[in-house]
Each structure stands twice: as C-alpha cells, then as structure tokens.
Amino acid sequence: MTAKDAYDKLRTHMKEYWLLASTAELLEWDQETYMPKGGADNRADQMGLLARLTHEMFTDPNVGEWIATCEASDLVKDPESKEAANIRELRRMYDRRTRLPKEFVEESAKLTSKAQHIWADARKASDFKLFEPWLVKILDMNRKKADYYGYETEVYDALMDDYEPGAKAAEVEKVFSGLRKELVELNKRIANAPRRPDISILKRPYDVKKQRIFAELVVNAIGFDFRDGRLDETVHPFCTSIGPGDTRILTRYYPEDLGEGLTGAMHEAGHGLYELGADPKELGMPCGFADSLGMHESQSRMWENQVGRSRATWVYFFPQAQRIFRESLEGVSLEQFYHAMNYSAPSYIRVEADEATYNLHIMLRFELERAMLRGDVQVADVPGEWNKRFKDYLGIEVDKDSNGCLQDIHWSMGAMGYFPTYTLGNLYAAQFYAKVREEISDLDKHFEKGDFTPLLKWLRENIHIHGARWRAADLCKRVTGKPLSHRPLIDYMNNKYAEIYGI
Ligand code: ZN
C-alpha cells in the first residue's frame, strides 16, 4: 500500500470514528439536560456500547499499520505540514490507547468507581482518613499507568500528557514559580487595599428568566451564533461539540447571583467558539480538533476574564443589563458594576475562587500531586501539607478537610496531571491577549460599541483553525513570538487590580 493510500484510509477511518464518538457526546449532552430520569439505565447501556465500539475502532491494528506506513514515507518529511502533524498526533494517541493492558484498564475503572463513592463519603464527613487508603491505591495505579505509557524524566510527565500533549512538569514549574511569587504578593496588596468593590451589587435577586435572556444576548454579541449552537442549563456547566455547525454550551443560573451564570455562559461560549472555528476539512483528524486542555481553557478564560470582566465590554452591556434588571441595578453606576465584577477575596473552594486567587489553588494541587508521585510527600501528610501551603499562598487557615484537600473529585477519578491545564489556560489567554492588543490597538473602542469581531477573527485565524497542528507551547511561540511566560498574566492582573483597589 502506498503512503497516500494509507493516509486516505486513516482519514476515512478517523472521520467515521469521530462520527461515532460525537454521537456519544450528543447522548451525554442529552443526559445532562433533558433526558427523563427513567432513561438512566438504558442510557448507561448505550454509552457503554458506544465506548466499547469507539475504543475498538481507534485501536484497530490497521490504524497502527497505516500510521507506520505514513511515518516511513515522504508525507512526514516536512514536520510543519498538516500531514506530518496529523500522523504525529495519531501516533501519540494510538500508542497511549494500545499500551494499557485490558486488565489494567478494567481494574482501574473498578478502583476509581469505588474511590469516588468513598471520596464522597469522606468529603461529607470531612474525614481524610477514610479516603487515605484509596488515594494510596490511586497513586499506585497512576505510577503503573505512567510505566505503561513510558516517560523520560518523571511520572508526572506521562500522566499530564493525557491532557496537555508534550508538556513537561519541570517546564510548567518554571513558569508557575514566577507566577506564584507575584500572585501571593498581589493578593496581599488586595487584602490590605484602601478600597474594595461592593460585591452585594451582584448578589441581589436576579430573575432567572431574565438572566437567561441576558446571557443569550451577551454570548450572541460576542460571536456565538445560535444557528450553530445552543445555550442550555445543567448542574456542572460544560461545552460539547457535536460537529461542524453544532456546538452546545451549558451554564447554571442562581436567583441571587448575576455573576455566576453569566460568566459561566461566556466561559463556555469561549470553548464553543474554539470548537466552531475548527477546520471542517480536517474533521476527525488531529488538525481538526484541539487536544490541549490548556489551549482550550485559554479560549474560554479570555472571553470570561479579559473580555467579560473588562470595563470596555461593560460600557456596551451595562445599559442593557440595567434595562433588563431594572430594580436590582437601579442607581448602580457602570464603575461600581465593573468593580464588583472584579471583586477578589481568598476562599477555600477552588471552583468558587476569583481571577486573582484561582491560580494559587491550582499551583498548590500541582505541587502536591507531583510531590506525592515522587514520594516526597506521604499520603498521610497530604492534609497538613495542603493546609500549610494554603496559609502561605492565600493567607487563611483551612478549617476542615472538606474545605481543603477533600474538595475536588479529580483524584478519586484517578485524574492527576489535569489541574495545571487550568492555569496554563490562564497564562496562554493573557499572552495571546497581550499580542492581540499589540496588533489591534483600538480593541477597547470596538468592545465599547459591541463589536467583538476583530478579536474573534484574530483567534480564528491564529488559533482555532490549526487544531492540534502545533503543540500548545509551540503555537504560543509561533503566535506571540515568545515562549510561555508568567509576565503577561501578572502584568494584566497587576494593572487591573491596582486601578480598582487603589493599590
Ligand atoms: Zn473551561
């Protein structure tokens, strides 16, 4: 078989794989939104069958042979070409899926399913001792998994590669350490600031029906076209792509909080716009989708934070918000509202953390995971280590484990190496945004008029269309001319909070 034939076969096969996999996505979306409770058992069977079929399709030995034929040909001669990138990433994915023995996968599934129940009980009772032996088992499982995958320097790299292809823990740590130091200082300045925004502005009664209308208006204005997607509600907001021209985003509204539902919708719209900007000609191939969670998160965070919490954006949206929420926003000025959107204070729970404190929650988890996997921190010492770092970084004492090391579901699911992608996303977002502002100097003027197209166009051309053609770190260098650094994020935050808090 010629390399061209092998490549064509791969294309057809991967497209069909993708059609089947996206069918499972649609079923999952339905399960999280409109499925009647009575359908749960049948849905679990449907999902189980689809999971088996998609796994079999991806790990089909033919796929391995087609990849090998392409690798031995001129198709990959230019490593920057789309063909070479597709083969590179298919090889990575194929190896990872075929290297884990079936028994190991089954045992891991059993272990994590049990561990999740135990974790839920432990969190409820706020008793780490209940979860401790299970965390030991999960660490062992992850070390074994890393051995199957293979790695050069440390276990963490092998695990993180599932979420952030090509990233190395030592490199991540370098960028994080600069960020951590300056963020701790910024948060201290905020804590001692001479003035604070009035957060109560956002914590008044906000009719959920009106919130729905307002969120639709906002995401539509930033470029999320309802001919190509839907905005619905769910318990844990997410975004899922069903295919070209069909992306579903979900948020959650609270009757006494305007910020949560709205910023959730903008965040998910950012993910959705990324998905909608994928190259339809590469459907099913790596260049047609994004497999770096950090890159994905950069798109959601930019719309949520750099855009969604900026004064320029609210110059346009605030008068509309005032018309819709007449009573709650009566007498509130644009300035007060903009400040309230940027309220910051340390808190225990990561998912409730604000822009200035969030990354400290993440870095603490990254450090602990890495230390546990290396054996530098024993599992029994996790609560103590957690609380000590929390005090150092955020300045408050953790009162109980449910507010500390037991708060996240990730470890009980076996997911280690996932957390850093959140902060990588914030870092990429800031670095890209600084570059956009350099290239489009009057961006704020556009925002003030409700014109978000210059930013969206830039993101489509520079990021969205490429899918996984370049690894996140390489794409960052290509687009901004520099390797990832903590500087743009910390500069953006220092400037913003200095002005709002008078620090
Ligand atoms: Zn996200």
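**Zinc site, nonpolar cores and cavities of the predicted model**

Glu297 is buried, with a relative accessible area of 8%, where buried denotes under 20% relative accessible area, exposed over 50% and partly exposed the range in between (1.4 Å probe, protein chains only). The model is a predicted one, in which local features need pLDDT of at least 70 and side-chain atom pairs count only at pLDDT 80 or more, whereas totals for chains, interfaces and linings use all residues. Residues are numbered from 1 along each chain as its sequence is written, and side-chain values use heavy atoms, with hydrogens and water left out.

Glu297 belongs to the zinc site. The zinc ion has as its protein donors His267 (NE2), His271 (NE2) and Glu297 (OE), at 2.1 to 2.3 Å. Donors are here N, O and S atoms within 2.8 Å of the metal (3.2 Å for Na, K and Ca); water is not among the atoms, so sites may look incomplete. Along the sequence, the spacing of the donor residues is H-x3-H-x25-E. Distant parts of the chain are linked by the pair His271, in helix α10 (residues 258–276), and Glu297, in helix α11 (residues 293–307), which are 26 residues apart. Helices (H or I, at least four residues) and strands (E, at least two) are DSSP runs, numbered from the N terminus. Like Glu297, His271 is buried, its relative accessible area being 10%.

The nonpolar interior was examined next. In soluble globular proteins, nonpolar side chains tend to be buried together. A nonpolar core is taken as a set of buried Ala, Val, Leu, Ile, Met, Phe, Trp, Tyr and Cys residues joined through side-chain atoms within 4.5 Å. The largest such core comprises 122 residues, and the most contacts inside it are made by Trp303, Leu329, Phe337, Met372, Met416 and Leu455. Helix α14 (residues 355–374) is the greatest contributor to this core, with 11 residues. Another core, of 18 residues, lies apart from it and includes Ala21, Met57, Phe58 and Leu90.

Contacts (heavy atoms within 4.5 Å) were listed for individual residues. When neighbours within four places in sequence are left aside, Met416 is in contact with Leu135, Ile138, Leu139, Asn142, Leu159, Met160, Tyr163, Glu369, Met372, Leu373 and Trp411. Leu373 itself is found in helix α14 and is buried, at a relative accessible area of 6%. Not counting residues up to four places away in sequence, Leu373 touches Leu139, Asn142, Arg143, Val155, Tyr156, Leu159 and Met416.

A search of the whole structure identified 3 cavities of 30 Å³ or more. On a 1 Å grid over the protein atoms alone, a cavity is a set of points where a 1.4 Å probe fits but cannot get out, and lining residues have an atom within 4 Å of a point. Grid points are joined across faces, edges and corners, and a volume is the space filled by probe spheres set on the points. The largest cavity has a volume of about 100 Å³. Its lining consists of 14 residues, with Asp291, Ser292, Ala468, Trp470 and Ala472 nearest the centre. Two or more lining residues come from each of α4 (82–99) and α19 (472–480). By class, this lining contains 8 nonpolar, 2 polar and 4 charged residues; Ala, Val, Leu, Ile, Met, Phe, Trp, Tyr, Cys and Pro count as nonpolar, Asp, Glu, Lys and Arg as charged, and the others, Gly among them, as polar. The second largest cavity holds about 60 Å³ of space and is lined by Trp119, Phe131, Arg365, Trp386, Cys405, Leu406, Asp408, Trp411 and Phe419. Its lining has 7 nonpolar, no polar and 2 charged residues.

Several loop residues were also characterised. Phe289 lies in the loop between α10 and α11 and touches Met93, Gly284, Gly467 and Ala468, residues up to four places away in sequence not being counted. Ser126, in the loop between α5 (102–125) and α6 (128–149), has a positive phi of about 50° although it is not a glycine. Ser200, in the loop between α8 (169–191) and α9 (208–222), counts as partly exposed at 33% relative accessibility.

Key. 1 Å grid on protein atoms, 1.4 Å probe; cavity = no way out; pocket = protein on both sides within 12 Å on 5 of 7 lines; lining within 4 Å.
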